[in-house]
Amino acid sequence: MRMAGDSRVQMDQDMEIGVTPREVKKLPKHLREAPISTDHTHLIAEPAKKVRQRYVQKDGKCNVHHGNVKETYRYLSDLFTTLVDLRWRLSLFIFTLVYVVNWLFFGLLWWLIALIRGDLVHGDEEGWTPCVENLNSFVSAFLFSIETETTIGYGYRVITEKCPEGIILLLVQAILGSIVNAMMVGCMFVKISQPKNRAETLMFSHKAVISVRDNKLCLMFRVGDLRNSHIVEASIRAKLIRSQQTKEGEFIPLNQTDINIGFDTGDDRLFLVSPLIISHEINERSPFWELSRAQMEKEEFEIVVILEGMVEATGMTCQARSSYLDTEVLWGYRFTPVLSLEKGFYEVDYNNFHDIYETNTPSCSAKELAATQREGRLLPHLTLLTPDPKYHPLDPFSTHNDLTRVEKKDEVEEEEEREEGEGEREGGETNGLAANLGDQP
């Protein structure tokens, strides 16, 4: 018992001085299920962590289910779209079922005509002209229906000119068969070439970050396209999803607020050839204007990102979606560069697409940062955020090469040596003057 008490005291001391507490060993199953209390200490079970429910999944699927829909007839009024939206296994089942039922239905009609005319009984007699030659059972009628609708025409079963009702049925089956073919083949073609499959090669970074750009706090995330065929007229937008209560007391669940990522400046129009970092400036119109780092960690929200454009190969509109929970928005980070200059081309390293690195970022809100900048009281560590504009080691467009940097380094070293020599000479003259003054009475 004393050891347990000492361990508890040590953990309290660690928390007081800001040291990360040591990992506590996992209790056995019987102790976790039934906490044991003693006279000196109590094992209190930690409350279960609240599971956050996404509005939009990371792969873009909307996590919303429609229930208690009474007007189901609306789905049948748009039958083509309903068939396209079905799952693949159900679509293939309906595709097969429609053709089989159609062939069986018209096969039954051909069999009924043969039965009513007496072709099934007198078909083999000489001088008897049947409606369809060599049709003597339901199976043969079913085969003739398949040959008629698919225009196979084996030549063994053929309709005669002495059967007007058969000619009319042949016309009806040919027309209805063409309609069925057009609808079912069209559904399968649209389903195969759906633009949402193109969205599988559009990437979003796993995390969103907040850091300073041009002395302004910005919310940023990265997008990229893995294919060489580009998305035409690509545009991007973002929505903030969180619950809100109005001044009148009305509670609005999952309220949607627009996040400006360049709509007024045209930055939302993307030329998505290489990965791009999408930036939202946190200004007076931003929903994050008054949120500091500590306040944002307490907020519960979700940022939904929507990328739209036309597929270059098909001209169909494509939409890719993703989302970021509040736990996936990291304060004080930037994205690692992925673009490098090679001989004759630019190379994108997708291994670093999701990588981020920590950077100096004020923890105050954007409103407080703007007020500080207006008053001319810049934070001391903000000067570290301003790099040398002349050269950046990760800039593929930099005109500085290794030789230039070596020459520049040599010049700096020569300047330092020159300054040291002048300092030594000045020091010698000063020492000599001091010695002469010391020799004087």
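User: Taking buried to mean under 20% relative accessible area, which helices do the buried residues of helix 8 pack against in this predicted model?

Analyst: The model is predicted, and in it the buried residues of helix 8 include Gly166, Leu169, Gln173, Gly177 and Val180, with Met184 and Cys187 also among them. The elements against which these buried residues pack are helix 4 (79–85), helix 5 and helix 7.

User: What distance does helix 8 reach from its first C-alpha to its last?

Analyst: Helix 8 covers residues 164–192, and it has 29 residues. At 1.5 Å a residue the expected span is 42 Å, and the computed reach of helix 8 is close to that, at 42 Å.

User: How far apart are the closest N and O atoms in the salt bridge of Arg157 with Glu147?

Analyst: Arg157 sits in the loop between helix 7 (138–150) and helix 8, whereas Glu147 is in helix 7, ten residues apart. Both Arg157 and Glu147 are buried. Their closest N and O atoms are separated by 3.6 Å.

User: Which strands hold Glu308 and Arg237?

Analyst: The side chains of Glu308 and Arg237 meet in a salt bridge at 3.4 Å, N to O. The pair ties together parts that are 71 residues apart in sequence, because Glu308 lies in strand 8 (residues 302–311) and Arg237 in strand 4 (residues 231–245). Glu308 counts as partly exposed at 25% relative accessibility, and Arg237 counts as partly exposed at 35%. The strands asked for are strand 8 for Glu308 and strand 4 for Arg237.

User: What is the relative accessible area of Lys367?

Analyst: Lys367 meets Glu290 in a salt bridge between side chains, at 3.5 Å from N to O. Glu290 lies in the loop between strand 7 (276–281) and helix 9 (293–298), and Lys367 lies in helix 10 (residues 366–374), so the pair ties together parts that are 77 residues apart in sequence. Lys367 is partly exposed, and its relative accessible area is 40%.

User: How many salt bridges does the count come to?

Analyst: Side chains of opposite charge can pair when their charged atoms come close. Salt bridges also link Arg54, Lys58 and Glu328 in a network. The count of salt bridges comes to 13.

User: What is the angle between the planes of Phe221 and Tyr324?

Analyst: The structure holds eight aromatic pairs, and one of them joins Phe221 and Tyr324, which are 5.9 Å apart, centre to centre. Phe221 lies in strand 3 (residues 216–225) and Tyr324 in strand 9 (residues 317–325), so the pair ties together parts that are 103 residues apart in sequence. Phe221 and Tyr324 are buried. The pair is tilted, with an angle between the planes of 40 degrees.

User: Over the face of which residue does Lys191 lie?

Analyst: Lys191 is listed among the buried residues of helix 8. At 5.3 Å from the ring centre, Lys191 lies over the face of Trp88.

Methods:
Residues numbered from 1 in each chain as written. Predicted model: local features only at pLDDT ≥ 70, side-chain atom pairs only at ≥ 80, totals over all residues. Heavy atoms only, no water. Helix = DSSP H or I, 4+ residues; strand = E, 2+ residues; numbered from the N terminus. Phe/Tyr/Trp six-rings, centres within 6.5 Å; stacked < 30°, edge-to-face > 60°. Buried < 20%, exposed > 50% of the residue type's maximum accessible area, 1.4 Å probe, protein only. Lys NZ or Arg CZ within 6 Å of the ring centre and 35° of its normal. Salt bridge = Lys/Arg side-chain N within 4 Å of Asp/Glu carboxyl O. Expected span 1.5 Å × (residues − 1). Contact = heavy atoms within 4.5 Å.
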